[in-house]
Amino acid sequence: MESTLSILFIQAIHGLVYGMLLFLVASGLTLVFGMMDVLNIAHAGFYMLGAYVGAAMLLSTGNFLLSLIVAPISMALVGAVVERYFLRRVHIHGHAFELLITFGVFYIIGETVKWIWGNFPRPVDVPGILSGAIPMFGTAYPVYRLFILFISFLVLVLMLYVFMKTRIGINIRAAVSDPYMVNALGINVPRLFLGVFSGGAALAGLAGVVASPVLSTYPGMGLDMMVDTFVVIVIGGFGSLFGAFVASLMIGELQCFGVHFIPRLALVFQFLLMAAVLIIMPTGLFGEKE
Amino acid sequence: MRHPATRSIVAISIAIILLFLAPFFLNILQTRMLIEIAYFSLFAVSYNFLFGYAGLLSFGHAAFFGLGAYTTAILMKTIGGMPLLLAMASGGIVAALGGVIIGFFCVRRKGAYFALLTLAFNQFLWAMAWKWRALTGGDDGIGDIVPDQPIHLGIVKLDLYELEPMYYLVMVIVLVFLGAGWYLTKSPFGNSVMAIKGNDERAAFLGYNVTRSKLFMFTFSSFYAGIAGSLFALFQDFVATSSIDLSMSTQVIFMAFLGGTGSYLGPILGSAIFVYFTDWISGLTDRWEFILGVLFIILVLFFREGFIGLIPAKLRSIFATGEAT
């Protein structure tokens, strides 16, 4: 017998799971923006491509761990190529063309996915060991979603460690606040940026792999994720990692409770929240950058 | 004939005369293609009011195209005896209203932030069109928009189930709006918007109200997109979420940049190339959208002026006295 309270708890955890997935994608996006003022539209494309590559690995080898490793690495490579050979080439021509090139890459990733895997949803099976459910709040909760939470918190802890305790992390934080000064101090900012760009792509790819058994893979998944992460960045504030974290959880919870209580309006809530934040705090909850 | 303005007037007059004679020597398919090029030209030019003139890169311009298309379709469908031209004007006005509201949020922002917000608001309207089935028909869309009875416009009577009356109606509307738009870009207001694009701080110091000018340009551009959308609804006789989704926004970006955003005529050339190219290449391969994307990347990497940049400057100047940038 499921009580109202247990349903609320389950929804809250669902929201947390989606919020953490959002954060995995949004973190790379917001760092890239903070460092180079580039809105990487292709970022959600890396999420989608990662999901498809992971699903293809899983299907051919049956080894989930392998796809968990291969997909992020391949996305890091794709990201590095996009940054080095496309984005950097148009950098001197201004922001508009940087945006357009990432937009073009997003479009091509979308068409590639449709070309190889078809223009229809492809569900991904939950890997064997992680299927099943455990009792929680008087009901059964799927293990796999808890696994997503575990992975994403692991990544969060790793990220915190890198940003707070390592030289690279300090350089990245400094570059987000003032890339020109950091460059002048003798740190190779373009190389650092390449690293952040491809690292962000890897995180997006990882999010894609872990999300695919729950959200399935479909050609529109990149766009869905893109819109959600954009809303997250507006709410959290441009370039703010902490803001992205808080806003991701907010949007995750909002969507899960929205779908549960008012399904007809669920798609609309996040935009209303975004508009409200824009009116009240135009730079977002934790943003300093214009 | 030596004065550049005279040459332009002659060249444009010849072009207009050719357009009006076109249905007599084109077959049905070619005429239909020309109609498509006409309303997409209007759409692409409206996009270029934002990017080419005000320097605002929008990824959500389909929002206004869709607002115009849906408004026209819904009015024609729900109100019996609705005058067609009024329904189409309403399409433009509703799009302009949407432009004021969305523009209010967006134009204070520059660059990436502006791009992101326009895309988000586009998705918001798309979600509305998708979910609000009672009004929009959801993914089934709205069909049967063309009025059953011939419409009377002063002395002429147009039966829009015939291709030629449709051609002339669309063409006249498009040409009138293109002319008015050209006039606007040459006006003091148009110049002030370009000054803002060049350097908005300097423009503000010179006493221009930067935000208000941008908002006006955004609204004006939305109005044009709405008119283009209502023409689309009329010609297709059908409106669905495809008129307001991201691929429509993508399409207008492709059209504008294909032709070139540096001049008034660029996007018109771009929509002509786009319509012909997609028609040709979709007959050759199923993967034409992929090829389109590759073409776009090549364009952004190497030919940022668009196709109009490949035309010799002398030839270009015959059609356009004074370029946008």
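In the predicted model, the contact between the two chains involves 27 residues of chain B and 33 residues of chain A. On the side of chain B that touches chain A, the elements giving two or more residues are the helices α5 (111-131), α11 (246-259) and α13 (288-302) of chain B, and of the elements of chain B it is α5(B) that gives the most, with 11 residues. When the residues on this side of chain B are sorted by class, 19 are nonpolar, 4 are polar and 4 are charged.

Because 13 of the 14 residues of α11(B) are buried, the helix is largely enclosed by the rest of the structure. Just after α11(B), the residue B:G260 takes a positive phi of about 125 degrees.

A further position in chain B is B:F235, which lies in helix α10 (residues 210-236). B:F235 is classed as buried because 21 other C-beta atoms lie within 10 Å, where the cut-off for a buried residue is 20 or more. Apart from its neighbours within four places in sequence, B:F235 is in contact with B:I35, B:Y39, B:M166 and B:V170. Although B:F235 and B:E36 are 199 residues apart along the chain, their C-alpha atoms are separated by 8.3 Å.

Methods:
Residues are numbered from 1 along each chain as its sequence is written. Chains are lettered from A and ligands numbered from 1 in the order in which they are written. This is a predicted model: local features need pLDDT of at least 70, side-chain atom pairs count only at pLDDT 80 or more; totals for chains, interfaces and linings use all residues. Two residues are in contact if their C-beta atoms, placed from the backbone, lie within 7 Å. Helices (H or I, at least four residues) and strands (E, at least two) are DSSP runs, numbered from the N terminus. Ala, Val, Leu, Ile, Met, Phe, Trp, Tyr, Cys and Pro count as nonpolar, Asp, Glu, Lys and Arg as charged, and the others, Gly among them, as polar. A residue is buried if 20 or more other C-beta atoms lie within 10 Å of its own, exposed if 12 or fewer, and partly exposed in between; C-beta atoms are placed from the backbone.
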